[in-house]
Amino acid sequence: MLEKLKMGIRTKIILGYIVIILCLLASVIILNNQITSLQKERNFIIKYDSQIQTLTNRIEKYILDMETSQRGYIITGDSSYLEPYNKAEENWKVDFDQLYQLLEGRESQQQKLNAIKVTIEQWISTSGEPTIQFKKENNTEAINEFFKVDVGRKDMETMRNQFDAFRTDENAYTQNKAKKLDKMNSNLTTGLFGILVLVSFISIVIASGISRSIVKTMKEVSQTIRQMAASKGNYQTRIHVKTKDEISDLADATNELLDSFERREWLQANLAEVVTKYQGISAITKLAETFLAEMAHKTQSSFGAFYVREMHNGDVVFVKKAGFADACDNVGIEQFKLGQGLIGQCALEKRVFINHDIAEDYRVIGTGLGEAPPKSIFIFPIIFEDEVIAVAELATMTGYSALQQELVKQVIDTFGLTVNSILGRMEIVRLLNESRAMTEELQVQSEELQTQSEELQMQTEELTMINEQLEERSKEAEMKSQELERAKKELEDSAEQLVLHSNYKSQFLANMSHELRTPLNSILILSEMLSENGSNNLTEEEMEFARVIHSSGEDLLALINDILDISKVEAGKIEIIFDEVNMSEMPQQIEQIFAPVAKKKNLELHIEKAQNVADIFYTDEKRFQQILKNLLSNALKFTEQGYVHVDIKQLEHNQLTTNMQEVSAEWLEITVSDTGIGIPKDKHQLIFESFQQADGATVRKYGGTGLGLSICKEFVKLLGGWITLQSEEGKGSSFTLTIPSLPNGLNETVIDSTYVEVVATIEDSGAIEEVHEQVDESSPVSPQEVEIFQGKNILIVDDDYRNIYALKAALENRGMNILVAKDGLECIKIMEKTNDIDLILMDIMMPNMDGYETMSIIRTKMNLTDLPIIALTAKAMKNDRDKSLEAGASDYISKPLNLDQLVSVLRVWLVSKGS
């Protein structure tokens with residue numbers, strides 16, 4: 001097991017380091033234990049000596065305090081002197097007991113301590129207590145008699161002497177302990193140096209052993225390689241290494257390299273020998289015999305045959321040219337065709353055949369003593385320029401080794417050239433005889449060739465001229481290339497200008513939105529008020545005029561919205577939000593919106609939803625509904641009689657192409673068909689372009705801007721789908737919307753949050769009003785509204801007198817009191833003077849102080865947090881609603897105002913304020 005264990009050089013070095021580290025670790029542990037022991041012993045000596053000194057001093061002090069207190073009491077008679085006496089009498093025994101326990105195990109010192117105790121108790125009993133008692137009894141004679149003898153002084157001197165002797169012994173004991181500690185420290189130092197020497201010795205031994213193992217093996221490998229180098233090509237020497245490490249791997253790899261060199265040397269030597277043998281041979285038969293003899297000798301073959309390619313009557317055959325070691329008259333069949341037998345198959349497939357399973361009835365190999373069948377046959381083609389020109393077959397009684405097979409392959413790589421050259425030489429000899437007969441004919445043709453040479457000379461001159469022309473054209477092409485580069489640079493500059501113009505266009509549209517919506521707001525409100533005829537002073541014709549003005553204003557609003565939408569689509573900056581869409585409610589929504597329109601035009605509206613349509617579909621609901629409304633609006637608009645049919649279904653899996661399946665597994669197909677006027681085939685593409693309809697007559701009869709289908713086409717692209725059209729003029733149209741379900745959205749969807757875009761406010765009714773003329777009958781003001789609005793104070797803050805006039809007239813008609821401010825500063829002044837304002841209508845874009853700043857001051861500085869403020873603006877920018885609400889607005893309405901919507905919002909906030 002240990003002999004098979006392979007231990008590399010790295011492992012040996014690591015093991016050596018591990019042993020050294022373990023020795024060092026053991027040394028550190030032992031040293032640490034010794035140091036810890038010394039530390040403990042030192043701490044014990046210091047602590048013990050300190051405690052002994054402290055306790056003895058305290059006991060002696062207590063006795064002296066008792067003596068002092070005794071004498072003070074006897075002299076003065078003041079009982080306060082007895083307090084230190086009594087306290088010392090209690091404490092000295094406690095310290096004595098502690099000192100006695102500290103001396104446990106040292107009987108001699110304990111005996112001395114007991115002697116001190118006896119002396120102290122004797123002083124107390126003979127001197128301390130009796131004299132104090134005499135003083136308490138006022139027995140002065142007894143006290144005088146006692147101090148004449150003064151036995152207590154002797155006891156005190158005896159106690160002091162005993163304490164001195166005790167301390168002397170303790171000091172001697174401590175000195176003794178210190179000497180032992182010094183001796184241990186000296187032993188530790190000696191041991192430390194000994195361990196260091198031992199670890200160093202072990203490290204040197206391990207390093208020496210590992211290095212000796214590595215160096216010895218390296219020397220053996222180096223010596224063997226030098227011997228091979230000195231032998232000048234003798235690769236038979238091998239490296240023998242006993243170790244099981246990387247050096248052993250190096251030796252094995254070197255031995256494998258030597259084996260490879262030895263095989264290569266053998267191949268090169270035998271290849272050179274074989275090639276040398278057939279050099280200078282000019283007859284194919286002699287060449288075949290020589291080749292077979294040499295190859296049989298090198299491969300230890302017992303017999304062989306050689307076949308050469310020839311043409312017989314247009315057929316390719318391989319004819320036998322030589323044999324080797326034939327026991328009978330001939331070896332092998334005389335000729336083969338392509339694919340006939342193994343010889344023919346070898347020539348056909350152009351590959352080597354080696355067969356070791358030889359049948360018993362195969363041709364035998366004859367010797368002087370008898371005959372025997374071969375063990376292996378070796379058939380190989382001889383190829384020149386990817387064409388088999390000869391085939392050879394060898395047979396042996398042993399077998400062909402891989403080295404012998406490699407030799408054959410290397411020989412035939414160049415042998416094909418030799419065979420072909422000899423065959424070519426033989427062909428040249430044959431042709432030489434024919435050429436002599438043709439010499440005279442060639443002489444005649446020589447003159448013709450001379451003439452042709454002159455013609456070629458002329459053609460050469462023409463080609464030279466053409467070449468010069470081509471060079472000139474090349475220069476012209478290079479100049480054009482430079483011009484193209486300049487044009488490319490100009491195009492890039494133009495692209496940058498287009499981006500800049502796009503930004504200008506967006507800003508222009510935003511400003512135009514404000515400028516158009518501001519007067520349009522007054523037109524819509526005033527025309528709606530006139531159509532209501534609240535004062536009953538207008539004729540029916542005048543009311544009809546007002547309704548036409550209101551309808552035209554709404555058409556103008558729809559046109560503005562369409563232009564803004566197509567602008568955003570062209571800029572590629574429209575926001576697409578993929579979310580859940582409830583498809584189960586889609587038929588009801590369509591019917592609710594479009595059924596009244598179909599009923600008014602006496603059309604049938606059919607809506608069908610297939611069972612396989614999922615209830616939840618993922619797309620942008622706003623754009624999806626806008627596309628459907630536009631398609632249905634167009635269908636109703638251009639259909640005078642018949643029906644409009646909506647078919648909603650989900651595509652089956654087998655209907656999806658590979659590209660569609662890569663986008664989504666669920667695809668929705670909605671078809672809107674009608675029996676309307678239809679669209680000519682040559683106009684199918686035109687109607688999807690901006691501002692385009694089928695023809696001028698359609699525009700005059702049905703109206704419209706021609707933007708609806710263009711917007712739909714771009715929206716569908718952003719949703720990942722497409723719209724197809726099938727229509728025939730006079731028979732109706734069928735628009736098919738195909739979109740995928742995309743829970744995670746499209747990868748190509750780009751939302752640029754830094755791009756300031758105009759948000760077109762499109763009401764649901766606007767899409768229908770774009771298609772047909774519909775006049776809303778305005779309902780009169782109800783008594784409940786009059787009760788809610790009556791006497792309410794409304795502050796209108798706007799810089800446009802037209803809006804102020806329209807809003808003031810509309811709101812005063814409902815019983816409200818109107819205050820007007822032309823900007824934010826005037827609004828603040830009115831708010832400071834008036835405390836009974838119920839609601840504020842705040843325009844956003846105003847001079848001096850805009851609506852945002854004004855609302856912020858009202859909410860923060862004036863602390864009017866409960867006052868309803870409705871923000872109004874004609875420049876409905878992206879995120880304006882959130883910005884208005886953050887500034888302090890209670891609600892938000894974009895211009896032009898819908899009077900019913902405004903009244904509804906006012907009702908909600910006035911009711912909530914009143915409650």
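Two strands count as paired if DSSP finds at least two bridges between them, and helices (H or I, at least four residues) and strands (E, at least two) are DSSP runs numbered from the N terminus. This is a predicted model, so local features need pLDDT of at least 70 and side-chain atom pairs count only at pLDDT 80 or more, while totals for chains, interfaces and linings use all residues. Residues are numbered from 1 along each chain as its sequence is written, and side-chain values use heavy atoms, leaving out hydrogens and water.

**View 1. Strands β1 and β2, side by side.** Here β1 (residues 303-312) meets β2 (residues 315-324) in the antiparallel sense, with 9 bridges. Look for M311, which sits opposite V316 in β2.

**View 2. The open sheet around that pair.** Its 6 strands run in the order β3-β2-β1-β8-β7-β4, with antiparallel pairing. At the edges are β3 (335-337) and β4 (353-355), each pairing on one side only. On average, neighbouring strands are turned by 20° against each other, direction ignored (axes are lines fitted to C-alpha atoms, for helices over the stretch in contact, and angles run from 0 to 180 degrees between N-to-C directions).

**View 3. A helix lying across the sheet.** Helix α8 (residues 341-349) lies across β1, β2, β3, β4, β7 and β8, where contact means heavy atoms within 4.5 Å. The helix α8 runs at about 40° to β7.

**View 4. The β14-β15 hairpin.** Strands β14 and β15 (residues 732-740) pair in the antiparallel sense over 7 bridges, and E728 has G732 as its bridge partner in β15. The hairpin leaves 3 residues between the strands, and G730 in the turn has a positive phi of about 85°.
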